[in-house]
Every structure is written in structure tokens, then in C-alpha cells.
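These are my notebook entries on one structure, set down in the order in which I looked things up.

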Amino acid sequence: MTEVVATPPAAASKVNLLDFDREGLREFFAQLGEKPYRAEQVMKWIYHNLEDDFGNMTDLGKALRAKLGEACYVGRPNTLVDKAAADGTHKWLLGMDTGNAVETVYIPEPTRGTLCVSSQIGCALNCQFCSTGAQGFNRNLSTAEIIGQVWVAAKYLGNVTHQNRRITNVVMMGMGEPLANFDNVVAAMKLMRDDLGFGLASKRVTLSTAGMVPWIDKLSDAIDVSLAVSLHAANDELRTELMPINKRYPLAELTAACQRWVARKPRTSITFEYTLMKGVNDQPEHAKQLIRFMRRLPTCKVNLIPFNPFPGTQFERSDADTIRAFQTQLLNAGILTMLRRTRGDDIDAACGQLAGQVHDRTRRSAEIRKRVNAEVTHAV
Ligand code: SF4
């Protein structure tokens, strides 16, 4: 684990270029009286060469470099902590402003490297099994704070866009509900997809939602990315207990939104995430309910996730035999079902757990945790 001293934030009066997608950057350069192609040159420096110092952007004239230095900066989040696990998983705690931090996690596999990115500081949706949800909501991240997580990880990993990619996939699956921070998340995902940004194909950028139904339709209009849905239960009663958002957007509405998504993007599928919690949602009748749910979305798949316990939770991970039996029941019914390996167990891998250690020092967080624990005890 490395402790890194945070760098001071750049002057508030300057504009952070990480807040702009390509279109926004061209407009900003036009306001500076510069040609649009200059914006594209700077984009390449920022996202391909991971350069944040205008002085090193050698194909820009000296006068332009000085002008940029006066007007703007490339403001990435500060690395407060980085932790490497024995299995190669890497987690960064990134400081966004005084007292606030989010987590970004890199998961290397033989054929790909996935970066899990946060969209909010905390989360308001209060899913009962989630370490982030237990901390409550603080604020949305800006576009710069979202794409800045990719930038920091890319720099650390020596990622070379279009050549030697260490980050092949990005999932908006970290802290927060990305569709509740729609505009900033979409702008950041545009930068992930843009050839002058990180240049990732649509199937390699995934947004995961707890089921914010109206924004699922809006997302399919706004950008071409992949969709994952946190399901965790396929009956309304249990899902509402585990995920209060289900009361607002119950399974019938969620199913219809997913069917519309698939109809609009016929070559894509949706991944449904299902975290297995001992004695809560891992029994044969739960698998049957999930099979019935998936029959309405026949091109989609299920990702089973063994629950990752965190301090204070009332839930436990299902045992290995139960997980295998649950998966077999789904596979026998013809449902494409994957089982996610747990990674980074030695670095507080449950989402929000590391940031939680920062937030737990606040009274508000302690109160929320107490209330959630009381509710969970009631629910189970
Ligand atoms: S699971 Fe996702 S949506 Fe639910 S509380 Fe946690 S971060 Fe928020």
C-alpha cells in the first residue's frame, strides 16, 4: 500500500479541460479564439500521451501553451492511497475535495483489464447489501472527476491508447448510481469511447444501473454503450427489501425498459448481476423466479456474484455448494450464466469499503449505518 501526498487543487478560476468531451473542448477553444483542430491536438496529448502539463505539448506554439496555462488546467483527482492485492487487483482511493474520496478498482485478467469507476460520492439508493449505500449520499462527481479516475489509472498502469492497452474495459459499477448523475456520466463515457479519448468500443464501456427505468431509455438515445442491471432478486417483495428503488420502478417496468433497450440495439445483450447472499436469495425457488424473469429477455445473461462481506453487514456469502447448485439450475434452464470470481479479498474489495473507512469518521455516516443495520435485521 502506498500513501501519496495529495497535490493542491488547481486555481478555482481556471477551467478543467477534463470536464469537456470533444465537442465541449472545441467550443472552449473557439472561445479562446483558437481553431478546433487545436482542441483535438490537446485531446490527444491528454488522453493518448497522458500529459497534463501544457509546457510539454511540443506541437503547440509557445504562445498557445502560455495562453492555455493562463485559462485552464488538466485537473485529475489526487491519489490518496493505492493498494495492490496479491492477485493483481489494484484499488485507488482518490481524493475529490476536502474530506471526500471515491474508489477506482483495476481487475486484470488474462485477456483483458477492467477498470471499475465511481460516479457519485456515496449513493442515495440505499441497497441493503452495499457498503457504499450504507454511507449515504454526498454529491455527484463532475465529468472531470469521473474521466479523471480512468486517467489516473491509465497513467499508473502505463496504458497506451490504441496500442498497448492495459485498460481494455471500463465499467461504471463503482460507488454511486450512474444514471442518477446522467449528464456527467454520459460526457465521461463519450471520452472513454472517443478515438481521441481512450478509444474503447461500445461493448467495452458498460454502465451498471440499479434500475432507474426512465433513464435507461434516455441512455440508449444518448450514447452507444453496454448495459448491466443490478437485479439481485426476481420477485418484487424481496427486491424491494434489498433495493428500495424497486418500489419506485418494480420488476414489470424494469423488464419493459430492458426489452426496449434490446429491441433498439438488436446485437447487444444486457447482463443481470445477481449477488448471492446466504439464505436470502440463493434458494432453488429464487433460481426459478430468476429463470422466469430471464425468459422475457432471452438474449440476455446472468452474472452471479458471491457476496463480498464488509464490516457491519448482516449478510453472508452463500456457500460454494449452494452457488454451484444455483448456477446449474440456471444453466439447465438454458440461461447463459457466468460466475464471477471474487477478487482482491485482501484489499477491502467490497465496493465502497475503502472509502467507507474515510467516511466512517463522520457522525452522519454512523447514524446511517445504524439505521440500515436495524432495517436489515428486520428484513432478514
Ligand atoms: S449497489 Fe449501487 S445503487 Fe445500490 S446503494 Fe450500492 S452503489 Fe448505490
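How many helices and strands does the protein have? I counted 13 helices and 15 strands, taken as DSSP runs numbered from the N terminus (H or I of at least four residues for helices, E of at least two for strands).

I noted that this is a predicted model, in which local features need pLDDT of at least 70 and side-chain atom pairs count only at pLDDT 80 or more, while totals for chains, interfaces and linings use all residues. Residues are numbered from 1 along each chain as its sequence is written.

**Burial.** Of the 380 residues of the protein, I found 46% buried (20 or more other C-beta atoms within 10 Å of the residue's own, C-beta atoms being placed from the backbone).

I then turned to strand β5 (residues 90–97), where six of the eight residues are buried, so the strand is largely enclosed by the rest of the structure. Strand β4 (residues 78–84) runs antiparallel to β5 and is joined to it by six bridges; pairing requires at least two DSSP bridges. K83 stands opposite K91 of β5. The β4–β5 hairpin has five residues between its strands, and G88 in the turn shows a positive phi of about 95°. On β5 I also looked up the pairing with strand β6 (residues 100–108), which is antiparallel over seven bridges. H90 has Y106 in β6 as its bridge partner. Two residues separate β5 and β6 in their hairpin, where G99 has a positive phi near 80°.

Methods:
A residue is buried if 20 or more other C-beta atoms lie within 10 Å of its own, exposed if 12 or fewer, and partly exposed in between; C-beta atoms are placed from the backbone.
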